[in-house]
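Please find below my notes on the structure you sent. They are arranged as numbered points, so that each can be checked against the coordinates.

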Amino acid sequence: MPISRIAIGDTAEIGQTDALKAALAEFISMLIFVFAGEGSGMAFNKLTDSGSTTPAGLVAAALAHAFALFVAVSVGANISGGHVNPAVTFGAFVGGHITLLRSLLYWIAQLLGSVVACLLLKFATGGQETSAFSLSSGVGVWNAVVFEIVMTFGLVYTVYATAVDPKKGNIGIIAPIAIGFIVGANILAGGAFDGASMNPAVSFGPAVVSWSWDNHWVYWLGPFIGSGIAAIVYEVFFITPNTHEQLPTTDY
């Protein structure tokens, strides 16, 4: 079971050069991702004078996030594994592929990257609001939690299948493409209901800069539950004990 492979890690790990470089890579990748993703929404608001969300705006958001995540994962893959998401890091931790202490480093870097990206966007756009994630009319908090659980399950399951599984072979660029595609597809499915975050850091940056925290917990609880379920399912059913190995974080 994955629980037997969970590792806390050594405190000395936090100061190791490779761990700090990996955290910096996560910070940069998250900044790239959020700047493009959140920026696309701000650009849409600029073009429509903050008008109502339209199907075209939803498609634009999905494409921007898919493309940006493909790049963000690709540029970080060889250094940090290209998690670019606290929920993905949590899934890797549950599966025994990263220690808790290194996970904490990643989480701090990811959250800071998102906040800095939103601050840069606010400055570059002359003070335009970085809209926090929110629930659409008629969508309850538990509806949104289920949305986030299912969408993040799909995302982390994809990460496991294309990047973590030791049997994946040499699929190279396929993993970042698949990860970007599932995020884009999920935004098309859930964006109109709760914004389709799947990523606590992506929700955290706009919330900090706009200081809007309504139902913010939804965007942490749902992704972490979905990620944990995906990690356990993939580890138990598809990564058998004789094929499992403690993968270094730079391999995924």
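The points below cover helix packing, the salt bridges, a surface patch, backbone angles and some residue pairs.

1. Basis of the notes. This is a predicted model, in which local features need pLDDT of at least 70 and side-chain atom pairs count only at pLDDT 80 or more, while totals for chains, interfaces and linings use all residues. Residues are numbered from 1 along each chain as its sequence is written, and side-chain values use heavy atoms, with hydrogens and water left out.

2. Packing of α1 and α2. Helices here are DSSP runs (H or I, at least four residues), numbered from the N terminus. The axes of α1 and α2 cross at roughly 165° and come within 8 Å; axes are lines fitted to C-alpha atoms, for helices over the stretch in contact, and angles run from 0 to 180 degrees between N-to-C directions. The two helices α1 and α2 are therefore roughly antiparallel. The classes are roughly parallel under 35 degrees, roughly antiparallel over 145, roughly perpendicular from 65 to 115, and oblique for the rest. The crossing of α1 and α2 is right-handed, a term for the near helix being turned clockwise from the far one by less than a right angle (left-handed if anticlockwise).

3. Packing of α3 and α5. Helix α5 covers residues 141–164, and its axis lies 10 Å from that of α3, at an angle of about 55°. That makes α3 oblique to α5. The crossing of this pair, α3 and α5, is right-handed.

4. Nonpolar patch. Which residues make the nonpolar surface patch of about 390 Å²? They are Leu24, Ile28, Ile32, Val71 and Val75. The elements giving two or more residues to the patch are α1 (17–47) and α2 (55–76), and α1 gives the most, with three residues. Patches are made of residues with over 30% relative accessible area and no salt bridge, with nonpolar side chains (Val, Leu, Ile, Met, Phe, Trp, Tyr) joined within 5 Å and like charges within 9 Å. The areas come from the Shrake-Rupley method with a 1.4 Å probe, and for residues only the protein chains shown count as cover. Val75, in helix α2, is partly exposed at a relative accessible area of 46%. Buried means under 20% relative accessible area, exposed over 50%, and partly exposed in between (1.4 Å probe, protein chains only).

5. Salt bridges. How many salt bridges does a search of the whole structure find? It finds two, a salt bridge being a side-chain nitrogen of Lys or Arg within 4 Å of a carboxyl oxygen of Asp or Glu.

6. Asp18 and Arg102. In this salt bridge the closest N and O atoms are 3.1 Å apart. The pair links distant parts of the chain, with Asp18 in helix α1 and Arg102 in helix α4 (residues 100–124), 84 residues apart. Asp18 is partly exposed at 42% relative accessibility, whereas Arg102 is buried at 7%.

7. Asp165 and Lys167. The closest N and O atoms of this salt bridge are 3.1 Å apart. Asp165 counts as buried, with 4% relative accessibility, and Lys167 as partly exposed, with 49%.

8. Positive phi values. Val84 is a residue other than glycine with a positive phi, near 55°. Val84 lies in the loop between α2 and α3 (86–94) and is buried, at 0% relative accessibility. Met198, also not a glycine, has a positive phi of about 65°. The loop that holds Met198 runs between α6 (174–194) and α7 (200–210), and Met198 is buried at 1% relative accessibility.

9. Thr130 and Met42. These residues are 88 apart in sequence, and their C-alpha atoms are 7.0 Å apart in space. Thr130 is in the loop between α4 and α5 and counts as buried, at 1% relative accessibility.

10. Pro223 is placed in helix α8 (residues 218–238) and is buried, with a relative accessible area of 0%.

11. Cys118 and Val88. Here 30 residues along the sequence go with 21 Å in space, C-alpha to C-alpha. Cys118 is found in helix α4 and is buried, with a relative accessible area of 0%.
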